[in-house]
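I opened this notebook to record what I looked up in one structure, entry by entry.

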Amino acid sequence: MRRTFRDIHGILLLDKPLGLSSNQALQTARRLVGAAKGGHTGSLDPLATGLLPLCFGEATKLAGWLLGSRKAYEAEVRLGATTTTADLEGEVVETRPVPALDPAAIEAALAPLRGRIVQVPPAYSAIKQDGVPLYVKARRGETVDVPSREVEVHRLDVLERTTDTIRLHVECGSGTYVRSLAVDLGANLGCGAHLTALRRLWVEPFMAPAMITLDQLRVAAEAGPDPLDACLLPVEAGLAHVPRVDLDPEGTRVLGFGQPVPLGEGAAPGRCGVWGADGRLMALGDVDGAGVLRVLRGLNLPSV
């Protein structure tokens, strides 16, 4: 049966299952929802589970902006072995005995990994060089020179410790690889380590997400469009953590032509969601220090 795709605008907070790439999860969900256009807000490895915000229709215009959002994970790290991929999917490169570690020793190893740090991403990653993902080059046996980058780690705390594993709570900014944190932790402890499990808990602004599984989405798809639509958040949910600006009819007309709108010196500077006089979300905007509003991402949503 050929599926009919619709112009659907909204955000799905998918609980990505183990074993699927982010794009596989996106395409499966998009077919179930019947959305003509879709995108995700940052990849999760096949090994990882948890929150993967999917944007459909006009919400895809916010996807790139949401990539820079703060994220939280629960991670399991296995001590005593390093692998080619920095996780359990790779081949073991080296094994070393795990020393007796007290909480103070673990904290001393974690401390340098917090804050603004320089990190080397894994060679097996989706970062592109010359238009080719690094993991493609690595799988071909090519020598991969991975440049370091600055990332932000807001929290890195121990949740549980066994003989050879540590379970961590991680909160970090965009571009941070938890696999690299596992490798660096193992290096700091002197025994090596790799990531064995990863679950994304939340992505700003979805701090307490009611996630939907693919199985739940399949059940909704069998019940019809209304249950499917109920699984989606409105586009404006992606702007819940920025101020709202409501324009008068003249400001709505000016912004509709893509022109700057003077709001006055009392307007708070920074990014904002912009609503027109008809109650329709028009754009992701930015207000400068002089109170002038400019469009960062224009949205073409249906009238309310």
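Entry 1, a helix pair. In this predicted model I looked up how helix α3 (residues 103–110) packs with helix α5 (residues 178–189), and I noted an angle of about 125° with the axes 9 Å apart. I recorded the crossing of α3 and α5 as right-handed. For the contact I listed A105, I106, A109 and L110 from α3, and L185, N188 and L189 from α5. Sorted by class, this contact of α3 with α5 holds six nonpolar residues, one polar residue and no charged residues.

I then turned to helix α1 (residues 22–33) and helix α6 (residues 214–223), which pack at an angle of about 20° with their axes 9 Å apart. Since angles under 35 degrees count as roughly parallel, α1 is roughly parallel to α6. The crossing of α1 and α6 came out left-handed. On the α1 side I noted A25, T28, A29, L32 and V33 in the contact, and on the α6 side L214, L217, R218 and A221. By class, seven nonpolar residues, one polar residue and one charged residue form the contact of α1 with α6.

Which order do the strands of the five-stranded open sheet take? I read the order as β13-β15-β16-β17-β14, and the pairing is mixed. The edge positions belong to β13 (244–246) and β14 (261–262); each has a single partner strand, so one side of each is left without a neighbour in the sheet. I also looked up what packs on this sheet, and found helix α8 (residues 249–256), which touches β14, β15 (270–275), β16 (281–287) and β17. The direction of α8 makes about 85° with that of β16.

The bridge partner of P262 is V292 in β17, while V261 stands opposite L293 in β17. How many bridges join β16 to β17? I counted five, and these strands run antiparallel. Within that pairing, L284 stands opposite R297 in β17. The hairpin of β16 and β17 has four residues between the strands, and there I noted that G291 takes a positive phi near 80°.

Lastly I collected totals for the protein chain. Its secondary structure comes to eight helices and 17 strands. The C-alpha trace spans about 70 × 55 × 40 Å along its principal axes. Of the 304 residues in the protein chain, 47% are buried. I also looked up the contacts with a separation of 6 or more, and residues 24 or more positions apart account for 67% of them.

Note on methods. Residues numbered from 1 in each chain as written. Predicted model: local features only at pLDDT ≥ 70, side-chain atom pairs only at ≥ 80, totals over all residues. Heavy atoms only, no water. Pairing = 2+ DSSP bridges. Helix = DSSP H or I, 4+ residues; strand = E, 2+ residues; numbered from the N terminus. Contact = heavy atoms within 4.5 Å. Axes fitted to C-alpha atoms, helices over the stretch in contact; angles between N-to-C directions. Parallel < 35°, antiparallel > 145°, perpendicular 65-115°, else oblique. Left-handed = near helix turned anticlockwise from the far one by under 90°. Nonpolar A, V, L, I, M, F, W, Y, C, P; charged D, E, K, R; others polar. Buried < 20%, exposed > 50% of the residue type's maximum accessible area, 1.4 Å probe, protein only.
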